[in-house]
Amino acid sequence: MTKSPPSLIVAIDGPSGVGKSTVARRLAKQLEVPYLDTGAMYRAVGLKALQERLDPADQISLEPMLEGLDVRLQRASDGAFHVLLDGEDVEQHIRTEKVGAAASAVATHRQVRQQMVTLQRRCAEQLGGVLEGRDIGTQVFPDTPYKFFLDAKPEVRYRRRYLQLQEQGRDISYDQVVEEVSERDRRDRGREDSPLTFDQTYTLVDATDLTVDEVVAEMVLQIRQR
């Protein structure tokens, strides 16, 4: 495949446990554009709140931290971006469920989202990219013609998330996973600022009965057709 122009920006939105990150990484590789993990950026903010023993859900207590927040993106050798917090690559520290829950909480605050969106736009507008999250196509890049909403039946998402955590060595029950994913869904869909949603400008992809490769193939087809 010939190299894609830097202006190619693909937005993938969807709920927790649907496989957005895996799909986005493979799609970016096929399209030869960077993969931008927007969720990692919010996880970095959540990690910072936990490090400072702040309540991620309390916007007022977070305000002093946000004033001096130093979250940046650094291009890695594989073409993807890594998140730096206070100059440190924190990839190895942000993938826990505790940090994930904190990320979901801080993401409800308008000030946090505005800071992260500015950073996301700056990187993608320069280099193009595949971005995945909850509001990429509605708030970050609403004008890109390449917008996908990736979804699957709840029970499928629960199972995929459970297996993923088992592979990571986490001791967690299936019922706990159901509770955590359901709570994340409730928070993402119900937040006042930039809730998880989609409209007619998106292409809906139901991954319930599809493999990752099949999802990626469908997205590549849709992009080529446009």
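## Basis of the model

The model is predicted, so local features need pLDDT of at least 70 and side-chain atom pairs count only at pLDDT 80 or more, while totals for chains, interfaces and linings use all residues. Residues are numbered from 1 along each chain as its sequence is written, and side-chain values use heavy atoms, with hydrogens and water left out. Helices are DSSP runs (H or I, at least four residues), numbered from the N terminus.

## Helix α8

Helix α8 has 17 residues, 174-190, and at 1.5 Å a residue it should span 24 Å, which agrees with the 24 Å between its end C-alpha atoms; the expected span is 1.5 Å times one less than the number of residues.

Within α8, Val 177, Val 181, Arg 184, Asp 185, Arg 187 and Asp 188 are buried, a term that means under 20% relative accessible area, with exposed over 50% and partly exposed in between (1.4 Å probe, protein chains only). The cover over these buried residues includes α4 (97-106) and α7 (154-167).

## How α4 meets α8

The axes of α4 and α8 come within 10 Å and cross at roughly 15°, which makes α4 roughly parallel to α8. Axes are lines fitted to C-alpha atoms, for helices over the stretch in contact, and angles run from 0 to 180 degrees between N-to-C directions; under 35 degrees counts as roughly parallel, over 145 as roughly antiparallel, 65 to 115 as roughly perpendicular and the rest as oblique.

In this contact (heavy atoms within 4.5 Å), Glu 97, Gly 100, Ala 101, Ser 104 and Ala 105 of α4 meet Glu 180, Arg 184, Arg 187 and Asp 188 of α8. These residues divide into 2 nonpolar, 2 polar and 5 charged, where Ala, Val, Leu, Ile, Met, Phe, Trp, Tyr, Cys and Pro count as nonpolar, Asp, Glu, Lys and Arg as charged, and the others, Gly among them, as polar.

## How α2 meets α5

Helix α2 (residues 38-51) and helix α5 (residues 110-127) have axes that come within 11 Å and cross at roughly 140°, which makes α2 oblique to α5. On the α2 side the contact is made by Thr 38, Met 41, Tyr 42 and Val 45, and on the α5 side by Val 112, Arg 113, Met 116, Val 117, Leu 119 and Gln 120; these divide into 7 nonpolar, 2 polar and 1 charged.

Thr 38, in helix α2, counts as buried because its relative accessibility is 3%. Leaving aside residues up to four places away in sequence, Thr 38 touches Gln 120, Leu 131, Glu 132, Gly 133 and Ile 136.

Methods
Helix = DSSP H or I, 4+ residues; strand = E, 2+ residues; numbered from the N terminus.
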